[in-house]
Amino acid sequence: MANVLIIDDDPHIGDLLLVLAKHLGHSGEKSLTLKEGVALAREERFDIIFLDVVLPDGNGLDALPELQILKNSPEVVIITGKGNSKGAELAINSGAWDYISKPATAEQYLLHMQRVLQYRTEKQASHPKLGHHNIIGRSKAIMRSLEQAAKAAESHVSVSISGETGTGKELFAKAVHDNSPHRKGPFIAVDCASIPENLVESILFGHKRGAFTSAEESNQGLIAKADGGTLFLDEVGELPLALQKSFLRVLQEHTFRPVGDPKEIKSDFRLVTATNRDLEALVQTGRFRQDLMYRIQAFTIELPPLRQRKEDIPELSRYFLNKLSADGNTAPTPVSSEFLKALETYSWPGNIRELFNILEQVFATNPEAGEFLPIHLPVRIRIAAAQHSVVPRTDSKPVLTVIQGHKLTPKNLPKETEISSYTPPSNDDFPPMKEYRDQALDQAEKLYLESLFLHCNGNIKKAAQVSGLSNSRLYALLKKHDIKKTFFNN
């Protein structure tokens, strides 16, 4: 039996939905205000939440982020009499299950309730768990990745793990292996970026004695060693183009020839790859085969950068500091809340790997500390914390940011221009607040991107580091605003 929560200031709709829930054999409660409804949702007793948008004490859409991080992950259905396409898009992008415009008939409400209940039942029945205690965090972002990894572990297809450097791609690859049917076999990890190009074929496929000048002994390649287990190719984007065709055949046939050997060898392995590069961009430039990309991306897991899961930093920090204490056979050093807050203000371009390196440095250089404080952190992190604490000054003069023409150059960068005297538009021309805000945000976003790429001379990698966005997100934003990257390279 499911439990339904209705947050709507119209008591008739609340009563109707409760009757429908009971008709289907479920229980329910209702709330007429957003504050009371969110308080009930925090009790984590509800499977489905019907949420109105316009409520006496707030906008229901503003509560979606909090509802999405509840441990019981309720399905949220938006119901509103102020329906529009942008509101529907915002609701779905924010994680809502569906969007219903009022007025709706009892049959329509009943159909939606039946479908969402069926979906939730099926999801819980097939909700795989990932047994891997070394992956730390409970943020929505990392839980989504764990769910993807759990589903990937149950399948037999190739898995591709994407994410920035230091996000834990090999840890997830090992988790997929440990929870898969291949877990009793070996886990063979290969760093494609660290192997000299002239040795890649020999290392992967192996070679017979005398196959080349330095081949004094026969060597079993890593593909053969992965038989019955998992072959993990880290930084697969660095795989030489000349070898990609041969490796594609290995994936298709699961047979290969070692260098200098006329015989075919069979290897039944499961492939997991990882990359911090945009493979589609490499395909477009001719540095990666499109057919191989499709083959290795049968199932994709995306790992979030640490800046998108900062709520996990305290747990990650305590875990690693406790591990350092255990390894050194010393008592754990207490960690102050100010220390953790300082860590949360930093952007972490190196992600978890950088966080652990910093914590190891703090642990090693302050053995006498009775409690870790912000003063024990490196200067760059303390500066970030100090800057974060400074409230930006606001100018009393209203200003309007404008773009001087289409193309930005160092001589005509955006400048601030005073707004002319205010003339109220007519009622017919006055835009709704949300429409005006969306237009202003779009203009600001485009201006930021143009300035960013001018600053970075069109370099995607540098732009990603400066902005804190992933390569794929930057490409998507460039496409959205019709900004040509080549424009900035001229």
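**Packing in the predicted model**

Contacts here are heavy atoms within 4.5 Å, and of those in the protein with a separation of 6 or more, 68% join residues 24 or more positions apart. The model is a predicted one: local features need pLDDT of at least 70, side-chain atom pairs count only at pLDDT 80 or more, and totals for chains, interfaces and linings use all residues. Numbering runs from 1 along each chain as its sequence is written, and side-chain values use heavy atoms, with hydrogens and water left out.

The protein has 19 helices and 18 strands, taken as DSSP runs (helices H or I, at least four residues; strands E, at least two) numbered from the N terminus. Of its 490 residues, 42% count as buried, meaning under 20% relative accessible area, with exposed set at over 50% and partly exposed in between (1.4 Å probe, protein chains only).

Now for the cores, each a set of buried Ala, Val, Leu, Ile, Met, Phe, Trp, Tyr and Cys residues joined through side-chain atoms within 4.5 Å. The largest has 30 residues, and Leu 204, Ile 223, Leu 231, Leu 233, Phe 247 and Phe 288 touch the most other members. Among the elements giving it two or more residues are strand E9 (187-191), strand E12 (230-234) and helix H10 (241-253); H10 gives the most, with five. Another core, of 25 residues, lies apart from it and includes Leu 316 and Ile 358.

Helix H16 (residues 379-389) buries Ile 381, Ala 384 and Ala 385. Its buried residues fall within an arc of 95 degrees seen down the axis, so they line one face of the helix (the arc is that of the directions from the helix axis to the C-beta atoms). They pack against helix H14 (337-345) and helix H15 (351-365), while Val 379 and Gln 387 are exposed on the other side.
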